Amino acid sequence: MTPESFSFLAGLVKTRSGIVLTADKGYMLETRLGPMLRREGLTGLDALALRLRSPREEALAAEVVEALTTNESSFFRDGKPFEHLRKLLPALAAARPAGQPIRIWSAACSSGQEAYSVAMVAAELGPALGGRRVEILGTDLSREMVERARDGVFTQFEVQRGLPVQMLVKHFRQEGQRWQVAPELRAMTRWQVFNLLDDARGLGRFDAIFCRNVLIYFDSPTKSRVLAMLSRMLARDGVVYLGGAETVLGLTDRLVPAPGERGVYEPARAAAHAG
Ligand SMILES: C[S@@+](CC[C@H](N)C(=O)[O-])C[C@H]1O[C@@H](n2cnc3c(N)ncnc32)[C@H](O)[C@@H]1O
């Protein structure tokens, strides 16, 4: 691939998703886009870049971006955020007016393990939430991932990663080699394709936002923009959970680390009052 083709493809991915492809990612492009090249009868990445220069290739461009996302996820990933949520949910339930649901957003949900982990925490709390409804919205740039998440069907390998066996037995039904999320968990969830670079106001306000292991793929200006957007979507007493390698420091002053917690951020007082 010529350097011109690489920078064209990297520019397309960055504009459409925020994901930065560094020069050492040439091999990743070859392997991830290989099947698409063969299907489209293209001789290589230069031919793909040439074809994508046409404005009529919208669907192909979207497919390229999806193919270059990394969708790694697991149930109860990193543990701590879910322990924090277990303490937070009863407090939020007590603080909200009667009848108002608690709304949680899994903002780069991949195949859904994060959102279903949140649903299990809420289901396990049961009476501690005083009958309060918990609504979980899972969104991702990748249509394929959102469809997988909505189906709620996981392989043996996937359920073995991070999911305690008693939770598996309680909240999943075995179907041959696969495990289907139980209807009561699925009823708490909604799924939607959503790009973190887009205007999120239509999604409403959230009491907690999980936005984990996605900012790592963005440059600093994009991280700042996404964090500012998340802070606007958050209730004044809500929290944002970031991944272990992610932070708000140096990127936004609208969110600050929650005292004594790792990976948990809350609205800065001044920013919260400024609305
Ligand atoms: C590594 S997964 C993280 C999944 C989950 N949050 C976790 O921590 O296990 C990153 C996800 O971010 C999604 N993603 C990348 N860029 C995005 C964007 N601009 N808007 C929304 N989702 C994006 C990818 O499709 C991928 O599913």
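In which loop is the place of Asn-213? Asn-213 is found in the loop between strand S7 (206–211) and helix H11 (220–232). Helices (H or I, at least four residues) and strands (E, at least two) are DSSP runs, numbered from the N terminus. The model is predicted, so local features need pLDDT of at least 70 and side-chain atom pairs count only at pLDDT 80 or more, while totals for chains, interfaces and linings use all residues. Residues are numbered from 1 along each chain as its sequence is written, and side-chain values use heavy atoms, with hydrogens and water left out.

Asn-213 has a positive phi of about 60° although it is not a glycine. Asp-78, likewise not a glycine, has a positive phi of about 70°. Asp-78 lies in the loop between helix H4 (58–67) and helix H5 (80–95). Most residues other than glycine have a negative phi.

Ser-17, Ser-73, Arg-77, Asp-140 and Asn-213 come nearest among the 22 residues around the ligand, where a residue is near if one of its heavy atoms lies within 4 Å. Polar contacts are pairs of N or O atoms within 3.5 Å; within protein, one must be able to donate a hydrogen and the other to accept it, and residues adjacent in sequence count only if both atoms are side-chain atoms. An N or O atom in the side chain of Asn-213 is 2.8 Å from an oxygen atom of the ligand. A backbone N or O atom of Leu-141 lies 3.2 Å from a nitrogen atom of the ligand, and a polar side-chain atom of Glu-114 lies 3.3 Å from a nitrogen atom of the ligand. On its own the ligand has 600 Å² of accessible area, of which the protein covers 99% (Shrake-Rupley method, 1.4 Å probe; for residues, only the protein chains shown count as cover).

Two strands pair if DSSP finds at least two bridges between them. S7 and strand S8 (residues 234–242) pair in the parallel sense over five bridges, with Ala-208 opposite Val-239 in S8.

Another open sheet has three strands in the order S3-S5-S4, paired antiparallel. Its edges are strand S3 (153–155) and strand S4 (172–175); each has a single partner strand, so one side of each is left without a neighbour in the sheet. S4 and strand S5 (residues 178–181) are joined by four bridges. Across this pair, Arg-173 stands opposite Gln-180 and Glu-175 opposite Arg-178. S4 and S5 form a hairpin with two residues between them, and Gly-176 in the turn has a positive phi of about 65°.
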